[in-house]
Amino acid sequence: MRKIENFIAGEYVAAASGKRFDKRSPLDNRVIASISEAGRPEVDAAVKAARGALNGEWGGLSTDQRVELLYGVANEITRRFDDFVEAEMADTGQPAHVQKHVFIPRGAANFKVFADVIKNVASESFQMATPDGRGALNYSMRVPKGVVGVICPWNAPFMLMTWKVGPALACGNTVIVKPSEESPQTAALLGEVMNAVGIPKGVYNVVHGFGPDSAGEFITQHPGVNAITFTGETRTGAAIMKAASEGMRDVSFELGGKNAGIVFADADFDAAVDGIFRSAFLNSGQVCLGTERVYVERPIFERFVQALKVKAEAVKFGRPDDHNANYGPLISQEHRDKVLSYYRKAVEEGATVVTGGGVPEMPGELAEGSWVQPTIWTGLSDDAAVVREEIFGPCCHIRPFDSENEVVALANDNVYGLSTTIWTNDLARAHRMAARVEVGITWINSWFLRDLRTPFGGSKQSGIGREGGVHSLEFYTETRNVCVKL
Ligand code: NAD
Ligand code: 6OH
């Protein structure tokens, strides 16, 4: 069993209270780590260290020097690739191939890409006339916000955490990261990388714990934290926003979703089935961009449902490193219970269960894990809870539609607006749809294809602000104008 401590001012430290909590494996519910739970004293110490670094060596570095250090971080993550893969697999139970090909490489890229962005960003300048005829020069500079609180979820822990830490550090901030209580390991490991590369102490801090009345809330309440970036549930975002209003701290939020997948009859059928299969079931459905509502044009509806069913029934459950397996469990028993409650609710609400709806039979100790079957429903009304609320599990409801206008109305009839994936070979229709569906991110004939320079974030209750490329700079810096009388 691993012991995981907080990482403050470059040192791994246990909380003074001695409080610890357990992390259990999603595979078999065994305790795999004991984690020190930070209290207010540790959050105070982390803020102090972060402030000290800003006022010290880190704050004095040039952009080029910071960029070189961040390239170093990316390289060191790549050098320790297997350690990150192993830690993330242990926390999430998700297959090795997803960690190796998507999540951990993205962690390294998040440092490299934002180092490149900050290196290449220009600033504005204006010459102005003055009464004495000599004029003045205005120029703007980007300065860091200061100490940034980074509060993270468990579904793609390392990718989503570095997606914030990378740009925050590139912009010259210091951070206090609060990983999810369900996925503490990769954030802890990144401390070793920071020290190995020579990132000054106090730039990257990690405090472990929970949300309310624990490390998460203590960060949001701390007057020394200048801005808060958060990925997680919408109602947690609301609580954080309230806390951030004290002291007028800025927030950036990536929140929940109930994303629509839309398939037109003219789409490449096999590509659409593959795409919707991924969007509904990747990472056991625990992806904010996932599609839990699928709308399929009526002429291909039955055929589509059958084709998706075949794929859903072909998944092979097993351990992340089992080469014969390709499908993992949910993050925890608590989350499994929530997902299964929706599986029951779907039946109560009158769904036809096309496939799944329960728990797979697992051998031996795996029987104790948080496994659930990929599940497909049809036949629910548009106001069913299962069609409206985010479940965050491997499931989707499929409904037929007859026209573009109808499907736009169906897709938009939701409080969330994170992303959508639209499958069609009609180019004009694709662009019309992209303009009408109320989301932050639209994929056409693809899903989760990510260029880190592009704006990422949600509309409606799916978020506030955009991150990615120069959009991240908007959040992680203040723009200061300097006026020089000539
Ligand atoms: P969550 O909101 O329960 O927890 C996220 C983090 O917030 C955790 O670290 C938690 O400890 C902390 N937290 C909880 N209450 C807090 C409080 N009052 N103050 C401060 N911190 C608090 O979310 P989760 O269950 O970890 O993640 C799943 C959710 O995240 C889903 O809703 C999913 O859609 C969303 N998500 C969104 C995106 C996106 O980019 N939009 C990406 C991934 C996940
Ligand atoms: C949510 O589960 C996935 C979010 C993905 C990103 O934030 C990203 O940058 O690709």
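Predicted model: local features only at pLDDT ≥ 70, side-chain atom pairs only at ≥ 80, totals over all residues.
Residues are numbered from 1 along each chain as its sequence is written, and side-chain values use heavy atoms, leaving out hydrogens and water.

Now show ligand 1. It has 31 residues around it, and the closest are Cys 152, Lys 178, Thr 236, Leu 255 and Glu 390 (a residue counts if one of its heavy atoms lies within 4 Å).

Next, look for polar contacts (pairs of N or O atoms within 3.5 Å). Zoom in on Cys 152 again: one of its backbone N or O atoms sits 2.7 Å from an oxygen atom of ligand 1. Click Trp 154, where a polar side-chain atom is 2.9 Å from a ligand 1 oxygen. Then try Glu 233, whose polar backbone atom lies 2.9 Å from an oxygen atom of ligand 1.

Colour helix 8 (215-221), strand 11 (227-231) and helix 9 (234-245): these elements give two or more residues to the shell around ligand 1 (helices are DSSP runs of H or I with at least four residues, strands are E runs with at least two).

Last stop: Cys 396. Is this residue buried or exposed? Cys 396 is buried, at 0% relative accessibility. Its sulfur is 7.3 Å from the closest cysteine sulfur, in Cys 395, so that is too far for a bond.

Technical notes:
Chains lettered and ligands numbered in written order. Disulfide = S-S within 2.5 Å. Buried < 20%, exposed > 50% of the residue type's maximum accessible area, 1.4 Å probe, protein only. Polar contact = N/O pair within 3.5 Å; in protein donor to acceptor, adjacent residues only side chain to side chain.
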